[in-house]
Amino acid sequence: MTMQRFEGKVAFITGAASGIGRATAERLAREGASLFLCDVQQEGLEATVKQCHELGAEAEGQRCDVGEAPDIVASVDACIKRFGGIDILVNVAGILTLERTETASLETWERILRINLTGTFLLCQAALASLLERRGNIVNISSTSALAGMPYAAAYGASKGGILAFTRTLAVEYGKQGLRANAICPGSIKTPMTGRSGLPDNPDISLLQRAMALDEPRGPETVAAVIAMVASDDGAHINGESIRVDGGTLA
Ligand SMILES: NC(=O)c1ccc[n+]([C@@H]2O[C@H](COP(=O)([O-])OP(=O)(O)OC[C@H]3O[C@@H](n4cnc5c(N)ncnc54)[C@H](O)[C@@H]3O)[C@@H](O)[C@H]2O)c1
């Protein structure tokens, strides 16, 4: 039997229609959490909600574009209205575009920063009052690209590095009030994102090899398990930390 580490807890998860976000929703559902799930992909989101219901959890989905501040405020309000508050915020929503830095467009740069980094900031800000009230915690999804250079990923790497720095700010600014904030740095996880990201023309394959797991890529449930540990009381003394879940890529 799985331990019910999240009985009576409310988790708010972005990017819940797919990959790591969906796996996290399912993991927390199995462990007793109530879930408020957001994404821009309506169909995938509904499938995750259905799956959580089948696992016996209370779950609600709401379309929310984390690049849009009004969507974020509306979703946080809806979660508090439905469940009374937020104990755990997991910022998973993110996008990846690979292009050569010399021809990267300002538009792509700003879009990636807006969704990955600004979206994470806005959600944390909107949820802070409730998280502080309930001595909750935040788990932000960064990436190995924040720790070691990722070729063709200027904006993405910068957004994920920003998430790490922002997470540490939250940890020291609110730690004394009982709020924890941590980051997870996945790498080499098999999800739709890694399948669709593509590459620029004639990429230098030798540059890409540094981003490969030591043995093999693994699925999003391997990240969800670590998110669950950090978000639960098992992670009570972990604050301002980042944890690599990358199959040894950067070991
Ligand atoms: N897969 C990996 O190897 C890997 C490695 C490092 C970091 N990550 C990070 O993990 C997170 C999840 O990625 P994944 O691999 O599960 O990819 P994924 O594409 O399967 O999932 C990302 C989800 O975010 C949603 N999303 C995108 N833009 C959004 C927006 N504006 N508002 C709301 N939702 C939005 C997508 O619809 C999708 O459901 C991302 O932040 C990604 O950067 C993944």
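Predicted model: local features only at pLDDT ≥ 70, side-chain atom pairs only at ≥ 80, totals over all residues.

Biologist: How are helix α1 and helix α2 oriented to each other?

Modeller: Helix α1 covers residues 19–30 and helix α2 covers residues 42–54; their axes lie 9 Å apart, at an angle of about 15°. Angles under 35 degrees count as roughly parallel. The orientation of α1 to α2 is therefore roughly parallel.

Biologist: Which residues of α2 does α1 meet, and how does the contact divide by class?

Modeller: From α1, the residues Arg22, Ala25, Glu26 and Ala29 take part, and they meet Gly44, Ala47, Thr48, Gln51 and Cys52 in α2. By class, the contact of α1 with α2 has 4 nonpolar, 3 polar and 2 charged residues.

Biologist: Which term describes the orientation of α1 and α8?

Modeller: Helix α8 spans residues 221–231, and its axis comes within 8 Å of that of α1, crossing at roughly 55°. The crossing of these two helices is right-handed. An angle under 35 degrees would count as roughly parallel, and one of 65 to 115 as roughly perpendicular. The term for α1 and α8 is therefore oblique.

Biologist: How many nonpolar residues are in the contact of α1 with α8?

Modeller: On the α1 side the contact holds Ile20, Ala23, Thr24, Arg27 and Leu28, and on the α8 side Glu221, Val223, Ala224, Ala225, Ile227 and Ala228. The class count for this contact gives 1 polar residue, 2 charged residues and, for the nonpolar class, 8.

Biologist: What is the handedness of the crossing of α4 and α5?

Modeller: Helix α4 (residues 106–133) packs with helix α5 (residues 154–174) at an angle of about 20°, with the axes 8 Å apart. The two helices are therefore roughly parallel to each other. Their crossing is right-handed.

Biologist: How many charged residues does the contact of α4 with α5 have?

Modeller: Residues of α4 in this contact include Trp109, Ile112, Leu113 and Phe121, while those of α5 include Tyr156, Lys160, Ile163 and Phe166. The contact has 16 nonpolar and 4 polar residues, and the number of charged residues is 1.

Biologist: Which residues are closest to the centre of the second largest pocket?

Modeller: The second largest pocket holds about 210 Å³ of space. Its lining has 4 nonpolar, 4 polar and 7 charged residues. Of the 15 residues that line this pocket, the closest to its centre are Lys9, Arg135, Asn137, Ala231 and Asp233.

Note on methods. Residues numbered from 1 in each chain as written. Heavy atoms only, no water. 1 Å grid on protein atoms, 1.4 Å probe; cavity = no way out; pocket = protein on both sides within 12 Å on 5 of 7 lines; lining within 4 Å. Points joined across faces, edges and corners; volume = space filled by probe spheres on them. Nonpolar A, V, L, I, M, F, W, Y, C, P; charged D, E, K, R; others polar. Axes fitted to C-alpha atoms, helices over the stretch in contact; angles between N-to-C directions. Helix = DSSP H or I, 4+ residues; strand = E, 2+ residues; numbered from the N terminus. Parallel < 35°, antiparallel > 145°, perpendicular 65-115°, else oblique. Contact = heavy atoms within 4.5 Å. Left-handed = near helix turned anticlockwise from the far one by under 90°.
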